[in-house]
Amino acid sequence: MDWVARAGAPLRGTLAIPGDKSVSHRAVMLAALADGVSTIDGFLEGEDTRATAAIFARLGVRIETPSPSRRIVHGVGIDGLRAPDGPLDCGNAGTGMRLLAGLLAAQRFDSVLVGDTSLSKRPMRRVTVPLARMGARIDTEEGGTPPLRIHGGQALVGIDHTLEIASAQVKSALLLAGLYASGDTVVREPHPTRDYTERMLAAFGVDIAFAPGIARLRGGQRLRATDVAVPADFSSAAFFLVAASIVPGSELRLRQVGLNPRRTGLLQVLRMMGADIREENAGNHGGEPVADLVVCHAPLRGIEVPEALVPDMIDEFPVLFAAAACADGPTVVRGAAELRVKESDRLASMAAGLCALGLRIDETPDGATIFPGALQGGAVQSHDDHRIAMAFAVAAQRAAGEVRIRDVANVATSFPGFDALARGAGFGLDVAS
């Protein structure tokens, strides 16, 4: 499936963005391990998160769906998971696979984690190597890629580990394994990353100490069931923040978006570029800060993106490229080599697509310089990457002609219904076979 995108109307209205994908994954996992019954409201009905829920159902956890975006999870306790009857399919969910690697490494039974074509190319040694230090046994393909063949029955021990590359997923995998390990597990980071796992473990009654760049917990603890309200996903909101910023005459309100300080680097960068974004109706959902975001069109200027903010906006770089394409002056990105090992090589994917639309992009191993200009029509590849597809739908709102975005079905992994919501707000965006 392709999209055909073109400049539409000024973007107007109040939008309800789907639930946070990272929080939805973790809520299902911890609710499954808890003693008692937990209700999750705002669960993201995306393919990635549904894959995680389906995996826990195959591990013996009863999960009810009384209505869309709600799950009732009957926890089986920390030692209650059962052996699956075959490989566990994570779909496109890198978060699901890496966190499950830590959790399943501690079980009594063997398991195998598989994924789709895109996930099967992604590096897993960054999580399997430190888990091996804890005593886990996980086999990968020769290049360190999935499937992950996890040998159960291993006695894990807590470690004090410093990550070479800041990664919330790797940190979370080690903390989940640490629940089962003897002694303390300490994870240190070269740069602070999002702390969803730490906050949610605390909400489920785990005694965990954490601060920016470090987390510590002791093994052998049990989790208590709790209800979780999932905030709107900031990464999904980011596409509308940029679109309203670059389309003249726009004003959008995005309701109750999660504003975890380790997630909102893009918000800071857009404001540095001159974006007009204000926060209203601030509150708290299950330990996560939230607020309405009101964004109006404003002229943007190119900047050098502070490297300190890169870990806090790693998923938002594709749409930042769209903002940079419409700014006054070049935008320079450094320290973002992690983008080359996401669902696609996002540096190369965005550079190639923007060049196809008439811009100049100078790539470097860990970033790029984006030289803005008049976007033309053309055809771009999504490279089977949901965020690349949506970023080009945003950029096309300022293009002089139609932009055909190829292979967009994968958008359903994180943002089902994006095209309909975007059209309702004023996007020029159609589905093409």
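These legends describe close-up views of one predicted model. Residues are numbered from 1 along each chain as its sequence is written, and side-chain values use heavy atoms, without hydrogens or water. Because the model is predicted, local features need pLDDT of at least 70 and side-chain atom pairs count only at pLDDT 80 or more, while totals for chains, interfaces and linings use all residues.

**View 1. Helix α6 and its cover.** Helix α6 spans residues 196-203. Helices (H or I, at least four residues) and strands (E, at least two) are DSSP runs, numbered from the N terminus. The buried residues of α6 are Y196, T197, E198, M200 and L201. Buried means under 20% relative accessible area, exposed over 50%, and partly exposed in between (1.4 Å probe, protein chains only). Among the elements that cover these residues are the helices α1 (21-33) and α5 (168-178). The cover also includes the strands β12 (208-211), β13 (214-218), β14 (228-229) and β17 (288-296). After α6 comes G205, with a positive phi near 90°.

View 2. One cavity of 30 Å³ or more turns up in a search of the whole structure. A cavity is a set of points on a 1 Å grid over the protein atoms alone, where a 1.4 Å probe fits but cannot get out; lining residues have an atom within 4 Å of a point. Grid points are joined across faces, edges and corners, and a volume is the space filled by probe spheres set on the points. The largest cavity has a volume of about 30 Å³. Its lining consists of R26, M29, L30, L99, L176 and T197. Helix α1 gives the largest share of that lining, three residues.

View 3. T39 sits in strand β3 (residues 37-41). T39 is buried, at 16% relative accessible area. Beyond residues up to four places away in sequence, T39 touches R70, R71, I72, T226, D227 and V228. Contact means heavy atoms within 4.5 Å. The open sheet here has four strands in the order β4-β5-β3-β14, with mixed pairing. β4 (62-64) and β14 stand at the edges with a single partner strand each, so one side of each has no neighbour in the sheet. Strands pair if DSSP finds at least two bridges between them. β3 and β14 run parallel and are joined by two bridges. I40 has V228 as its bridge partner in β14.

**View 4. Strand β11 between β10 and β13.** β10 (residues 160-162) and β11 (residues 184-188) pair in parallel over three bridges. D160 is bridged to V186 in β11. V186 is also the bridge partner of R216 in β13. β11 and β13 run antiparallel, joined by five bridges.

**View 5. E304 and R334.** E304 lies in the loop between β17 and α9 (317-325). E304 is exposed, with a relative accessible area of 53%. E304 and R334 are 30 residues apart in sequence, yet 8.3 Å apart in space, C-alpha to C-alpha. Leaving aside neighbours within four places in sequence, E304 is in contact with V332 and R334.

**View 6. The enclosed helix α11.** Ten of the ten residues of α11 (residues 386-395) are buried, so this helix is largely enclosed by the rest of the structure. Among the buried residues are H386, R387, F392 and A395.

Conventions: On a 1 Å grid over the protein atoms alone, a cavity is a set of points where a 1.4 Å probe fits but cannot get out, and a pocket is an open set with protein on both sides within 12 Å along at least five of seven lines; lining residues have an atom within 4 Å of a point.
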